[in-house]
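Visitor: Could you walk me through this model and tell me what stands behind the words used for it?
Guide: Gladly; let us look at it together.

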Amino acid sequence: MLASLAPQWSAGFGFAARAFAKTAASAARQGAIGSVRLIDSFHKETVDDIFAHALKKQTGVSLKYMLDFGQNPIERQLLLSAQFLHKELPVRLAHRVAELENLPYGLSAKKHILQVRDWYVESFRDLRSFPHVKDAADELKFTELLRGIYRRHANAVPVMAKGVSELREELRLQQRLTELPEIHQFLDGFYLSRIGIRILIGQHIALHEPSKPNHIGLICTKCSPVLVAQDAINDARSICMREYGDAPEVSVYGSPDFVFPYVPSHLHHMLFELVKNSLRAVQDRFADSDDAAPPIRLVVAEGGEDVTLKVSDEGGGIPRSGLANIWTYLYSTAKSPVDPRQVEDVDSGPVVLAGYGYGLPISRLYARYFGGDLQIISMEGYGTDAYLHLNRLGTSQEPLP
Ligand SMILES: Nc1ncnc2c1ncn2[C@@H]1O[C@H](COP(=O)(O)OP(=O)(O)OP(=O)(O)O)[C@@H](O)[C@H]1O
Ligand SMILES: [Mg+2]
């Protein structure tokens, strides 16, 4: 099975060996937040091992590879999967640590970024110190380790967002440029990699759980986009109800019987974000109007190559000059719930209708992860169409930053 893993070279790795000549004298402060360079916080051997791994190539997998495990994976398949992860995850984690260590504008020294970096280093160390996975008993222990790693990184997105928003606020006060293209490029790569790592771990863990009908781990072989859409709509509308006391209708066009293999949680995430955006736009535009809010339309189209979902609203659209911004992190026209003054609180907080500015860029990464894409077309003064393309063949290789 592992023969089907086509190797993929990671693009443009630019962190060639830095000088790590400092001693490990300060290693006693392991993991201490506040120290900046890796070498100030971790043993030299760990740091050297991280950079050696950061120079190795990452190996991509495809949806089809994950489906090959079958509904009831046999012991040997689980063992192979564990051995693959034992080798692959340290490489992926090390690439991210090296990046987190070298961010521009002093972002690497921000407390929250260091917190995330330390989670990556801890997970790297845990994996590297785990002995070779040789039999079923080792495999079970290794899966326990994976569960811990999965939990450790649960809050990485809001914690990173806090670090970045702090920097943005600082630059804004100094009236320095706030577009930060390098930071956005880094975040795209970082979050894409995170999606990959979490699906690989999540898939391995899920294969240990009692098998659900039509599921291979996290992948549903008969995922109905209409049913997932209805769930996402209910969730988004209830948040809109809570915030506005009202929520526009959403009509779904498509047959609930149409199914294809996909990860329902990813699809739910993307549709939830798109529907939230449309609800907010329509609600804001029609709140004080005598006209009834026009329903949002969600269309499911079944193509041979792609399954495309379109979310259309009459919420007034987005000015053309603002279109480029919608894909950047932390751009939002909503009041920000990420308050840089409350940096102590690392919980993700309550789900809100809008305000982080992460909805669109992260959804596009989820789409791209399995070979799809997300496009937004807007008519200012009328409304917005979001096209979510999902590759139904599932043969495309994971994109690896
Ligand atoms: N359907 C839409 N109609 C009008 N404007 C939209 C629409 N979708 C997105 N936008 C604009 O794009 C911005 C970015 O959207 P995005 O979903 O990335 O972040 P957000 O909705 O502000 O916050 P969140 O991260 O909570 O989703 C929004 O703030 C809004 O200005
Ligand atoms: Mg949004």
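Guide: A residue counts as buried if 20 or more other C-beta atoms lie within 10 Å of its own, as exposed if 12 or fewer do, and as partly exposed in between, with the C-beta atoms placed from the backbone. This is a predicted model, in which local features need pLDDT of at least 70 and side-chain atom pairs count only at pLDDT 80 or more, while totals for chains, interfaces and linings use all residues. Residues are numbered from 1 along each chain as its sequence is written, and chains are lettered from A and ligands numbered from 1 in the order in which they are written.

Visitor: Why is Glu 273 called buried?
Guide: Glu 273 has 25 other C-beta atoms within 10 Å, so it is buried. Its place is in helix α10.

Visitor: What does Glu 273 touch, not counting residues up to four places away in sequence?
Guide: Its partners are Gly 359, Leu 360 and Ser 363; contact asks for C-beta atoms, placed from the backbone, within 7 Å. Although Glu 273 and Leu 360 are 87 residues apart along the chain, 7.1 Å separates their C-alpha atoms.

Visitor: Why is α5 described as largely enclosed by the rest of the structure?
Guide: Of its 18 residues, 13 are buried, so α5 is largely enclosed. From first C-alpha to last it reaches 25 Å, close to the 26 Å expected at 1.5 Å a residue; the expected span is 1.5 Å times one less than the number of residues.

Visitor: Why are α5 and α6 called roughly antiparallel?
Guide: Angles under 35 degrees count as roughly parallel, over 145 as roughly antiparallel, 65 to 115 as roughly perpendicular and the rest as oblique. The axes of α5 (residues 111-128) and α6 (residues 136-152) come within 10 Å and cross at roughly 175°, so the two helices are roughly antiparallel. Axes here are lines fitted to C-alpha atoms, for helices over the stretch in contact, and angles run from 0 to 180 degrees between N-to-C directions. Where they meet, Trp 119, Glu 122, Ser 123 and Asp 126 of α5 face Leu 145, Ile 149 and Arg 152 of α6.

Visitor: And how do you know whether α2 and α4 are parallel or perpendicular?
Guide: Helices α2 (residues 44-54) and α4 (residues 75-100) pack at about 105°, with axes 7 Å apart, so they are roughly perpendicular. Their contact has 8 nonpolar residues, 2 polar and no charged. Here Ala, Val, Leu, Ile, Met, Phe, Trp, Tyr, Cys and Pro count as nonpolar, Asp, Glu, Lys and Arg as charged, and the others, Gly among them, as polar.

Visitor: Why is Tyr 105 called partly exposed?
Guide: Tyr 105 has 17 other C-beta atoms within 10 Å, so it is partly exposed. It sits in the loop between α4 and α5, with a positive phi near 60° in a residue other than glycine.

Technical notes
Helix = DSSP H or I, 4+ residues; strand = E, 2+ residues; numbered from the N terminus. Contact = placed C-beta atoms within 7 Å.
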